[in-house]
Amino acid sequence: MAAPSEGRQRRRFGQRPLTDPARLFQHNAWDNVEWSEEQESSARRKVEENSSQFLPQDKQEEYEVNAKRYWDDFYKIHENGFFKDRHWLFTEFPELAPNWNSNQNGDALHEWSNKEESSNERLGGCENGHCSLESRAESDLKGMKIPPQVCPGDSAAQHQRDGGFPGSAASFRVLEVGCGAGNTVFPILQTNNDPGLFVYCCDFSTTAVDLVQNNAEYDSSRCFAFVHDVCNDQSPFPMPEESLDIVILIFVLSAILPEKMQSIVTRLSLLLKPGGMILLRDYGRYDLAQLRFKKGQCLSENFYVRGDGTRVYFFTQDELDHLFTTAGLEKIQNVVDRRLQVNRGKQMTMYRVWIQCKYHKPAPPR
């Protein structure tokens with residue numbers, strides 16, 4: 001079989017600029033879209049308006065105390081049907097599957113692209129403040145599945161052998177914080193066939209962790225899902241410090257009270273091996289989701305509560321850089337993804353702003 005053409009491979013963001021406005025509705029998304037001064041001013045005014053009055057302190061405390069319940073309710077309602085598998089993971093974060101070659105399974109990639117083109121026609125809706133982030137292809141990554149060489153009867157207890165913690169025998173360890181229903185974890189397990197891989201995933205929603213553990217793809221010989229509240233610095237992780245190669249934070253840090261973010265990032269950095277890294281993708285300032293909030297939903301500057309009680313913060317690059325460098329990490333990447341999403345059926349445009357970061361832990365001086 002001939003090798004798939006370059007055009008069939010999924011593009012990394014930033015590689016599809018809109019150079020001709022007449023071609024606006026020819027694709028479902030355009031990268032690095034420049035905002036006019038008028039558009040920037042309009043976004044700033046909307047944020048000033050919807051954040052002109054903060055919710056009372058007692059209400060804010062209520063949302064913090066009941067945060068777990070709100071996310072449990074979210075996953076009870078949506079189960080695994082709201083967010084779909086993140087099929088962009090390995091183009092944006094190739095570190096998650098170091099031996100993966102984008103040329104292999106090119107037909108599957110092309111199939112994803114076609115599904116994304118059609119399914120993104122449904123983009124644009126916001127439900128209780130949760131704006132669609134990705135396409136809704138029903139079988140993301142199924143075409144790329146590489147069956148792991150494992151025994152179905154294995155368990156985390158068997159895998160740990162004499163090391164004293166799940167995954168202790170592994171040579172490449174990944175932790176996802178805020179795993180939800182597993183839309184990042186399962187693509188990693190399906191795509192990375194390294195026999196030394198072990199993936200940890202946690203969420204403080206018991207419902208979310210149950211969804212992961214009850215998924216047919218869950219394999220306790222390669223994965224360990226557990227309930228964990230990263231805001232509680234007294235709650236131990238199942239792995240020791242300096243044992244992880246990668247920590248993943250995808251649209252999760254934004255759900256945390258801003259005052260607690262630094263201690264969380266610092267604690268996660270301690271889990272990294274020297275040379276290990278944190279991969280982040282999250283909401284940027286003036287994203288569509290921020291502009292759609294109404295007055296009366298703002299908790300503090302750039303921090304809001306959705307209709308279902310879950311919360312979200314909108315970052316700048318500098319804020320994230322400060323969080324990571326204060327934790328002793330060094331920048332590899334910190335970029336804004338200003339994307340113009342298009343609903344061609346409704347002739348509708350949506351401006352999204354996301355931030356993507358990679359920060360690594362330096363090796364100790366000799």
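β5, helix α8 (residues 206-213) and β6 form a right-handed β-α-β unit. Right-handed here means that, with the strands pointing away from the viewer, the path from the first strand over the helix to the second runs clockwise. Helices (H or I, at least four residues) and strands (E, at least two) are DSSP runs, numbered from the N terminus. This is a predicted model: local features need pLDDT of at least 70, side-chain atom pairs count only at pLDDT 80 or more, and totals for chains, interfaces and linings use all residues. Residues are numbered from 1 along each chain as its sequence is written, and side-chain values use heavy atoms, with hydrogens and water left out.

Start with the neighbors of β5. Five bridges join β5 to strand β6 (residues 223-227), and the two run parallel. Strands pair if DSSP finds at least two bridges between them. Cys202 stands opposite Phe226 in β6. Toward β4, six bridges join the parallel strands β4 and β5. Phe172 stands opposite Leu197 in β5. The chain passes from β4 through helix α7 (residues 185-191) to β5, and this β-α-β crossover is also right-handed.

Now look at burial. Buried means under 20% relative accessible area, exposed over 50%, and partly exposed in between (1.4 Å probe, protein chains only). Seven of the seven residues of β5 are buried, so the strand is largely enclosed by the rest of the structure. In a regular strand the side chains alternate between the two faces of the sheet. Both faces of β5 are covered: Leu197, Val199, Cys201 and Asp203 are buried on one side, and Phe198, Tyr200 and Cys202 on the other.

Next comes the packing. A nonpolar core is a set of buried Ala, Val, Leu, Ile, Met, Phe, Trp, Tyr and Cys residues joined through side-chain atoms within 4.5 Å. The largest one has 42 residues; Leu175, Met239, Leu253, Leu268, Leu320 and Phe324 touch the most other members. Elements giving two or more residues to this core include β4 (172-177), β5 (197-203) and α11 (317-326). α9 gives the most, with five residues. A second, separate core of 40 residues includes Ala43, Trp88, Cys298 and Val353.

The structure holds zero disulfides, a disulfide being a pair of cysteine sulfur atoms within 2.5 Å. For Cys223, the nearest cysteine sulfur, that of Cys201, is 4.0 Å away. Cys223 counts as buried, at 0% relative accessibility. Across the chain, buried residues make up 53% of the 366 residues.
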